[in-house]
Amino acid sequence: MTPEAADFLANAHRMAAEAEAMLRSNFVEAAARTAYLAAFHAAQALIFDRTSRVLKTHNGVHTEFARLVRNDESFGPTLRVFLSRAYEFKAVADYGVGDRMRATPDEAREAVDEAIRFVALVESKLAALP
């Protein structure tokens, strides 16, 4: 694993831990948003390790990540699309208005759990690379 990918992965782990703490403190919307960011940083780690590129937009990271894992069965259908699906939590937290747009506690719990699985899987992929 390259040092840059390791830095991205460290950020992903930190964000996942923060999302867990936020959820325990009942900061539901913040937990869901931070779960997305954990996955985002993990995706950046994988992208950098495989391409030596740092992508600066969310859409760019989503697209390149999807391209890199499209034939990787270990991500499965749920984790393969988690990044794009979880972006909605960030968008709503950053730009949404009104209670009907907020994440529910169950949605936040699911997002945090999936983000933790996402980060762990990316880490295992990077550790397995020569």
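Colleague: Read along the sequence, what pattern does the protein chain follow?

Modeller: Before anything else, keep in mind that this is a predicted model. Read from one end of the sequence to the other, the protein chain follows the pattern α-α-α-α-α, which corresponds to five helices and zero strands.

Colleague: How should I read the radius of gyration of the protein chain, and with what does it agree?

Modeller: The general idea is to set the value beside the one that a compact globule of 130 residues would have, which is near 14 Å. In this case the protein chain has 14 Å, so the value agrees with that of a compact globule. For the extent in each direction, look at the C-alpha trace, which spans about 45 × 25 × 25 Å along its principal axes.

Colleague: How many of the residues count as buried, and what does the exposed area consist of?

Modeller: A residue is called buried when its relative accessible area is under 20%. By that cut-off, 45% of the 130 residues of the protein chain count as buried. The protein chain exposes about 6,900 Å², and carbon and sulfur atoms supply 54% of that area.

Colleague: Which contacts join residues at least 24 apart in sequence, and how many are there as a percentage?

Modeller: Here one begins with the contacts between residues at least 6 apart in sequence, and then asks what part of them joins residues at least 24 apart; in the protein chain that part is 66%.

Colleague: How many aromatic pairs does a search of the whole structure find?

Modeller: The search finds six aromatic pairs. One of them is formed by Tyr36 and Phe40, whose rings are 5.9 Å apart centre to centre with 40 degrees between the planes, and this pair is tilted. Both residues lie in helix H2, which covers residues 28–51, and they are four residues apart, about one turn of the helix. Tyr36 has a relative accessible area of 0%, so Tyr36 is buried, and Phe40 is also buried, because its relative accessible area is 7%.

Colleague: What are the distance and the angle for the rings of Phe65 and Phe118, and where does each of the two residues lie?

Modeller: The ring centres of Phe65 and Phe118 are 5.1 Å apart and their planes stand at 40 degrees, so this pair is tilted. Phe65 lies in helix H3 (residues 58–69) and Phe118 in helix H5 (residues 105–128), so the pair ties together parts that are 53 residues apart in sequence. Both Phe65 and Phe118 are buried, and together with Phe75 and Phe82 they form one aromatic cluster.

Colleague: Is Thr34 buried or exposed, and which residues does Thr34 touch?

Modeller: Thr34, which is found in helix H2, counts as buried because its relative accessibility is 6%. If we do not count residues up to four places away in sequence, Thr34 touches Met15, Glu18, Ala19 and Met22.

Colleague: Where does Asp72 lie, and with which residues is Asp72 in contact?

Modeller: Asp72 lies in the loop between H3 and helix H4 (76–95), and at 14% relative accessibility Asp72 counts as buried. Leaving aside neighbours within four places in sequence, Asp72 is in contact with Arg80 and Lys125. To read separation, compare sequence with space: Asp72 and Leu37 are 35 residues apart in sequence and 22 Å apart in space, C-alpha to C-alpha.

Colleague: How many positive and negative charges does the protein chain have, and what is the distance between their mean positions?

Modeller: The protein chain has 16 positive and 18 negative charges, and the mean positions of the two groups are 4 Å apart.

Methods:
Residues numbered from 1 in each chain as written. Predicted model: local features only at pLDDT ≥ 70, side-chain atom pairs only at ≥ 80, totals over all residues. Heavy atoms only, no water. Rg over C-alpha atoms; globule rule 2.2 N^0.38 Å. Buried < 20%, exposed > 50% of the residue type's maximum accessible area, 1.4 Å probe, protein only. Contact = heavy atoms within 4.5 Å. Areas by Shrake-Rupley, 256 points an atom, 1.4 Å probe, with all protein chains shown as cover. Lys, Arg positive; Asp, Glu negative; His and termini not counted. Charge placed at Lys NZ, Arg CZ, Asp CG, Glu CD. Phe/Tyr/Trp six-rings, centres within 6.5 Å; stacked < 30°, edge-to-face > 60°.
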